[in-house]
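Please keep the sequence and the model in view while reading.

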Amino acid sequence: MVNEDKRLEELSLGEIRELARQRMNPEAWEHIMGSAESGSTRRRNQAALRRILFRQRIFHDITNPDTTVELFGRRLSAPTVVAPVGSFSKIRERAEHEVAEGASRAGSMVFVSHAAKPTVREWTEGITAPLVFMGYLSKGREKVLENARLAEELGYVAVGLTMDVLQPTKLGDRIPLSTDGKPRKGHPASPKDIELLKREVSLPVVVKGIMNPDDARIALESGADALVVSNHGGRLLDFNRAAIEALPEIVQAVGGKVPVLLDSGIRRGGDVVKALALGAKVVLLGRPICWGVGVGGARGVERVFQIITEEIKRVLIMTGVSSIAQVTESLLIRSQPVGPL
Ligand SMILES: Cc1cc2nc3c(=O)[nH]c(=O)nc-3n(C[C@H](O)[C@H](O)[C@H](O)COP(=O)(O)O)c2cc1C
């Protein structure tokens, strides 16, 4: 049990997770933490990250590495952004607003889910964080295009499609209802939808849910301006690869033509640096943001970003790297496990 009186500024991410579990209603906790069937993919996302080691360097004078990065024309204070989560509102009322406020304070960016309660317009109210609208084709093609056009008008920095939900999200052996109380639906992914969205808006188009270099090539040929390597936090296909395992092949297939982003299993600054070293430009955080907002609203979200940024800095210093731009694969050693860690 984490002491409920501990100040937010003193909490580690592990303690924030534990406090979120203590405070959230059990149904919301299960919904957030759940993953498809045996849960193997969710566990593998983190296990695969743990297999990668850093090469320590000490003879240098780096004390305050630059963690800033640019994405879609905006400078972010760190290479971490909020993943699209359709069900923040299960955690607490106004959760989306608090997430956007926390991300604004942290100098981050929010990927807005089409399944979330607030409208595309409501997300923009009173915040400074740049926004990316992520459409769900299961909501109807016209609805995606309508929202994307509105997002462009409202100053969103990019739009995109979450394309991996061919089958509805599964939590254990159960398919939960969608946020509007209706049965969840899957939707086939067609490259034509990327082309259509490209024609409708002049913003960069992001395609999320890429786990295979062949799909990456198809998305690129259809006009995608950025890809998100993701297995949806393990909520779709049991016994999928970890996102970090799929990343190198996809980065190679993309060949630097567009930014490659990654999510699924990122829990520490070290995980972020590993993903960057393997070619990701930015990573998205899903469940850690849910814990942060559950424990402390906007301040909780800000604290999650702060913890991870401090850890990124620490890793950069200990590996002798002065800025995110200098992170390369030479920082890493791929290892076999040495037993339980
Ligand atoms: C509660 C919950 C709801 C989610 N809803 C969406 C969604 O509406 N759209 C989407 O693209 N991804 C959704 N995702 C997936 C996240 O965007 C992201 O891919 C995943 O959470 C990353 O893994 P992590 O939770 O291990 O960080 C959801 C994930 C969770 C945990």
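## Serine 178

A residue counts as buried when its relative accessible area is under 20%, as exposed when over 50%, and as partly exposed in between, using a 1.4 Å probe and protein chains only. Serine 178 has a relative accessible area of 17% and is therefore buried. The model is predicted, so local features need pLDDT of at least 70 and side-chain atom pairs count only at pLDDT 80 or more, while totals for chains, interfaces and linings use all residues. Residues are numbered from 1 along each chain as its sequence is written, and side-chain values use heavy atoms, with hydrogens and water left out.

Serine 178 lies in the loop between β7 (158–162) and α6 (191–200); helices (H or I, at least four residues) and strands (E, at least two) are DSSP runs numbered from the N terminus. Its side chain makes a polar contact with the side chain of aspartate 180 at 2.3 Å. Such a contact is a pair of N or O atoms within 3.5 Å; within protein, one must be able to donate a hydrogen and the other to accept it, and residues adjacent in sequence count only if both atoms are side-chain atoms.

## Strand β7

Five of the five residues of β7 are buried. Ala158, Gly160 and Thr162 point one way, and Val159 and Leu161 point the other way. In a regular strand, side chains alternate between the two faces of the sheet.

## Strand pairing

β7 pairs in the parallel sense with β6 (residues 131–135) over four bridges; pairing requires at least two DSSP bridges between two strands. Four bridges also join β7 to the parallel strand β8 (residues 205–210). Valine 159 is the bridge partner of phenylalanine 133 and of valine 205 in β8.
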